[in-house]
Amino acid sequence: MHFPKSVLAAVLFVCLGLSAFGQCVHVGGGIITNVGVISPDRTLGTATGDLKGAVGVQILNLPGSPGPNGTTVFEVKHFWVTEAGDTINLHQAQLTAVELKDFGAPGLFAVVNYPVSIIPGGTGKFKNATGKINVIGEADFNAGQIGLRYSGQVCFATSE
């Protein structure tokens, strides 16, 4: 059987491409942080699940900016170190939340949209990793507590 060169090239590209880009895996877990431990705009806490370790966030626009449909948008910068000591490099993100003040809970926010991108630049197995994580949860600025659930995909680069 004879295959055209374009088909053989495509098969070769797919086979080589999978090994060059590494493996993508589903990840999920929880994040619990405290707000205001270091300063009013910083959080510190832990992550459980597939990316367990220590997590910190710097809120760049506290108290947030008005968003669509009565939401509040927070610009955040992440710091994430896994239990193994690998650093996960994350792009600056936008956390969109609804304040529950109309329900008698000013300062309590429901996190409704919080996409986070993993970008190359981490360390260890996350050195050239990429991926997308979606986050939901709540932020209670009165109590200084945040509870989140993350799920998504991480694509690990193969070793060089």
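Author: Two strands pair if DSSP finds at least two bridges between them. Strands (E, at least two residues) and helices (H or I, at least four) are DSSP runs, numbered from the N terminus. The model here is predicted: local features need pLDDT of at least 70, side-chain atom pairs count only at pLDDT 80 or more, and totals for chains, interfaces and linings use all residues. Residues are numbered from 1 along each chain as its sequence is written, and side-chain values use heavy atoms, with hydrogens and water left out.

Reader: How many helices and strands does the chain have?

Author: The chain has one helix and 11 strands. Their order along the sequence is α-β-β-β-β-β-β-β-β-β-β-β.

Reader: What makes β7 and β8 a pair of strands?

Author: Five bridges join β7 (residues 93-100) to β8 (residues 105-113). The rule asks for at least two, so with five bridges β7 and β8 count as paired. The two strands run antiparallel. Four residues separate β7 and β8 in a hairpin, and Gly 104 in the turn has a positive phi of about 80 degrees.

Reader: Why are Glu 83 and Lys 52 called a salt bridge?

Author: A salt bridge needs a side-chain nitrogen of Lys or Arg within 4 Å of a carboxyl oxygen of Asp or Glu. The closest N and O atoms of Glu 83 and Lys 52 are 3.5 Å apart, which is within 4 Å, so the pair qualifies. Glu 83 sits in the loop between β5 (72-82) and β6 (87-88), and Lys 52 in the loop between β2 (42-47) and β3 (53-59), so the pair ties together parts that are 31 residues apart in sequence. The rule gives a count of one salt bridge.

Reader: Is Glu 83 buried or exposed?

Author: Buried means under 20% relative accessible area, exposed over 50%, and partly exposed in between (1.4 Å probe, protein chains only). Glu 83 has 61%, so it is exposed. Lys 52 has 40% and counts as partly exposed. In the chain of 160 residues, 35% are buried.

Reader: How do you know that Cys 24 and Cys 155 form a disulfide?

Author: The cut-off is a pair of cysteine sulfur atoms within 2.5 Å. The sulfur atoms of Cys 24 and Cys 155 are 2.0 Å apart, so they pass. The pair links distant parts of the chain, with Cys 24 in β1 (residues 24-35) and Cys 155 in β11 (residues 145-155), 131 residues apart. The link is right-handed, with 105 degrees about the S-S bond. Cys 24 is partly exposed at 41%, whereas Cys 155 is buried at 13%. The whole structure holds one disulfide by this search.

Reader: What makes up the largest nonpolar core?

Author: A nonpolar core is a set of buried Ala, Val, Leu, Ile, Met, Phe, Trp, Tyr and Cys residues joined through side-chain atoms within 4.5 Å. The largest one has 31 residues, and Leu 51, Trp 80, Tyr 114, Ile 133 and Tyr 150 touch the most other members. Elements giving two or more residues to this core include β1, β3 and β5. The largest share, four residues, comes from β11.

Reader: What makes the bond between Leu 62 and Pro 63 stand out?

Author: Most residues other than glycine have a negative phi, and most peptide bonds are trans. The peptide bond joining Leu 62 and Pro 63 is cis, with omega about 15 degrees. Pro 63 lies in the loop between β3 and β4.

Reader: Which value of phi does Asn 69 have?

Author: Phi of Asn 69 is near 55 degrees, a positive value in a residue other than glycine. Asn 69 lies in the loop between β4 and β5. Its relative accessibility is 81%, so Asn 69 counts as exposed. Pro 68 is in that loop between β4 (65-66) and β5 as well, and at 56% Pro 68 is also exposed.
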